Amino acid sequence: MVGKDDILKIAKLAKLSVDESKIDELTKDMGEIIEFANTINTAVTNVESEDFDEINNIVNAFHQDEIAESYDRELILKNREGGLDGYFFVKRRSEK
Amino acid sequence: MPEKIKKTGKIKYINKLLTDKEISCVELTQKYIDSIKKENGIINAYVNITEETALKTAETVDEKIQRGEKISLLEGIPMSLKDNISTKDVETTCCSKILKGYVPVYDATVWEGLKSQNAVLLGKTNMDEFAMGSSCETSCFGGSLNPHNTDHVAGGSSGGAASAVSGNMAVYGLGSDTGGSVRQPASFCGLVGLKPTYGSVSRYGLIAYASSLDQIGPIAGNVEDTAIIYDAISKYDKRDATSSGSRVKTVDTLNSSIKGMKIGIAEEYFDGAGEDVIASIKKAIEAYESLGAEIVQFKLPSLKYALPVYYILACAEASSNLGRYDGIRYGYRTDNYKDVNDMISRTRSEGFGKEVQRRILLGTYVLSAGYYDAYYKKAQKLRGSIVKSFQDAFTECDVMLTPTVPTTAFETNYTSKDPIETYLTDICTVPVNIAGLPALSIPCGFDNKGLPIGMQIIGKSFDDAKILNAAYKYEQYAKDEIYKELESGVRI
């Protein structure tokens, strides 16, 4: 059973800030969702034969690391708010 | 379906109209733009209409025709893209506040290919935020309604793509399917929706939700159109590490005999399905028997775990994939913050909707120390069991037949319900994504309210041609009973 403290801890890991007024509803929802997810622990699996990668014969498809032409840096950064010469602007939060 | 389109498919029919100069591409495009402007206020299929580029492309097509040059099948055909498919210089938001204003600097591979063929992009279609939902109602632009009955949702997450095609506001649309997001709205809106074999269509430029499950697929008004679009987009792409391309041109194999084809029925897929849904599927089974197919019944007990496995794995991948939205490089940024960490947390909490935050939290939880083995690792093992059970099932049959969704389209305001209840409606579609298989939804009847019912046909990996052919044979047998052409939008 998850409690408020668990939710706050997970939210911090997920970089989400939880509004105090919504914490009870979120804790209830997450408790139900985790209980639902927990049903997988009633299943019996054979560790040796049921590995996903083995069953699918999955192998990594590596290729040569070739340097290719890419996008211009300013073009890639055009979606940022403000910024100049490859830098980002954020509000000043310390005194001079 | 009008008589003239029954004979070919809509794409071939329009191609002939354009080639014979019975209508110009600009006239055709303008008709679609006008109908979108008229209908979209209610249906909310489009979140961005690309009128200028659509008409410019249409002019290019007309010039080619005037010069006597041959045009390809998809050239000049008005279509749409889901708003999570990157389009250079066209805003792409995933229907999330956090990506409002984001303009990609490159095209997704699927769009790059279609654009080079002068496909006419009418606009970007509505979707559940980051493709997380089954009703399209988690979109920051509000939900998309079902043209068959506007008291009902279009489905999700590719709800806008389905409502646009169903309401005759596009000939076809591309959506994405992570757990049923192409097939379910196709089912709700009386259309054909294909989730291709994992790897057969490039994911490059598709904004990621759950990378091991995501796949782009077409939504269209009939099987032939679906096959034409699939053939155009299923190519190997070196920019997608999981790309393999397709093996055959599916449209060439349509109308092959299905005499002796073994159709598998797994009883677990029918648990909880509505009476109308079961009755329509039974009728379709009878149709297949009359076409010479053999019905094989079996059990797939591992399906019991498919939904929790799906939600654990999809959310785990989502929590990682959505980690990039920090308000620094692109998209929304909060105004009110104390330091950089506070800025990122507040940006994400203000920018993501409720359902997306729930899934990020679940994903973070199942990947966190102490829970990783019990949830994520266990779910991966069960994924292996589910894959294996499908492999075993396909030793007994060629394709499987199931309902696409246990119900018809939900009434609006569906997302306000219990989240688990919403997740349970994905029961028939998620196993396919878990196993990377191809599957499509084709209409097979209507419920007592006149809402469409969808039937799912599942194949082995890279048997996309086989399921399209099985659907085509059924469509030819039952088309008068399974399609309802609506009065709205462009009638051609």
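**View 1. The buried residues of helix H2 in chain B.** Helix H2 of chain B, residues 10–19, has B:Lys10, B:Ile11, B:Ile14, B:Asn15 and B:Leu18 as its buried residues. Look down the axis of H2(B) and these buried residues fall within an arc of 130°, so they line one face of the helix. Just past the end of H2(B) sits B:Lys21, with a positive phi of about 60°. Keep in mind for this and every other view that the model is predicted.

**View 2. The annotated active site of chain B.** The unreviewed UniProt entry puts "active site" at B:Lys82, B:Ser157 and B:Ser181. These positions are spread over 100 residues of sequence, yet they cluster in space, with a largest C-alpha distance of 10.9 Å. Where does B:Lys82 lie? It is in strand S2 of chain B, residues 78–82. B:Lys82 counts as buried because 30 other C-beta atoms lie within 10 Å. Leaving out residues up to four places away in sequence, B:Lys82 touches B:Thr125, B:Met127, B:Ser158, B:Ala161, B:Gly173, B:Leu174, B:Gly175 and B:Ser176.

View 3. Zoom in on the loop between strand S5 (149–153) and helix H6 (159–166) of chain B and you find B:Ser157. As a rule, most residues other than glycine have a negative phi, and most peptide bonds are trans. Is B:Ser157 buried or exposed? B:Ser157 has 34 C-beta neighbours inside 10 Å, so it counts as buried. Its contacts, beyond residues up to four places away in sequence, include B:Met127, B:Asp128, B:Cys136 and another annotated position, B:Ser181.

**View 4. A glycine pair brought together in chain B.** B:Gly101 is in the loop between S2 and helix H5 (109–116) of chain B. It counts as exposed, because 12 other C-beta atoms lie within 10 Å. B:Gly101 and B:Gly331 are 230 residues apart in sequence, but C-alpha to C-alpha they are 6.2 Å apart in space. Setting aside neighbours within four places in sequence, B:Gly101 is in contact with B:Glu91 and B:Gly331.

**View 5. The largest nonpolar core.** This core has 158 residues, and B:Val309, B:Ile312, B:Ile457 and B:Ala471 touch the most other members. Helix H10 of chain B, residues 306–321, gives the largest share, 11 residues. Apart from residues up to four places away in sequence, B:Ala471 touches B:Val192, B:Val223, B:Leu440, B:Ile442 and B:Ile457.

**View 6. Where chain A meets chain B.** Here 36 residues of chain A are in contact with 46 residues of chain B. On the chain A side, the elements that give two or more residues are helix H1 (4–13), helix H2 (23–37), helix H3 (52–55) and helix H4 (73–76). H2(A) brings the largest share, seven residues. The chain A side divides into 21 nonpolar, six polar and nine charged residues.

**View 7. Two positive phi values in loops.** A:Lys15 is not a glycine, but its phi is positive, about 55°. A:Lys15 is in the loop between H1 and H2 of chain A, and with 19 C-beta neighbours inside 10 Å it counts as partly exposed. In chain B, B:Asn118 has a positive phi near 60°. B:Asn118 lies in the loop between H5 and strand S3 (120–125), and it counts as partly exposed, with 18 C-beta neighbours inside 10 Å.

How values were computed. Residues are numbered from 1 along each chain as its sequence is written. Chains are lettered from A and ligands numbered from 1 in the order in which they are written. This is a predicted model: local features need pLDDT of at least 70, side-chain atom pairs count only at pLDDT 80 or more; totals for chains, interfaces and linings use all residues. UniProt positions are given in the numbering used here, feature names are shortened, and annotations may be inferred rather than shown by experiment. Helices (H or I, at least four residues) and strands (E, at least two) are DSSP runs, numbered from the N terminus. A residue is buried if 20 or more other C-beta atoms lie within 10 Å of its own, exposed if 12 or fewer, and partly exposed in between; C-beta atoms are placed from the backbone. Two residues are in contact if their C-beta atoms, placed from the backbone, lie within 7 Å. A nonpolar core is a set of buried Ala, Val, Leu, Ile, Met, Phe, Trp, Tyr and Cys residues joined through C-beta atoms within 7 Å. The arc is that of the directions from the helix axis to the C-beta atoms. Ala, Val, Leu, Ile, Met, Phe, Trp, Tyr, Cys and Pro count as nonpolar, Asp, Glu, Lys and Arg as charged, and the others, Gly among them, as polar.
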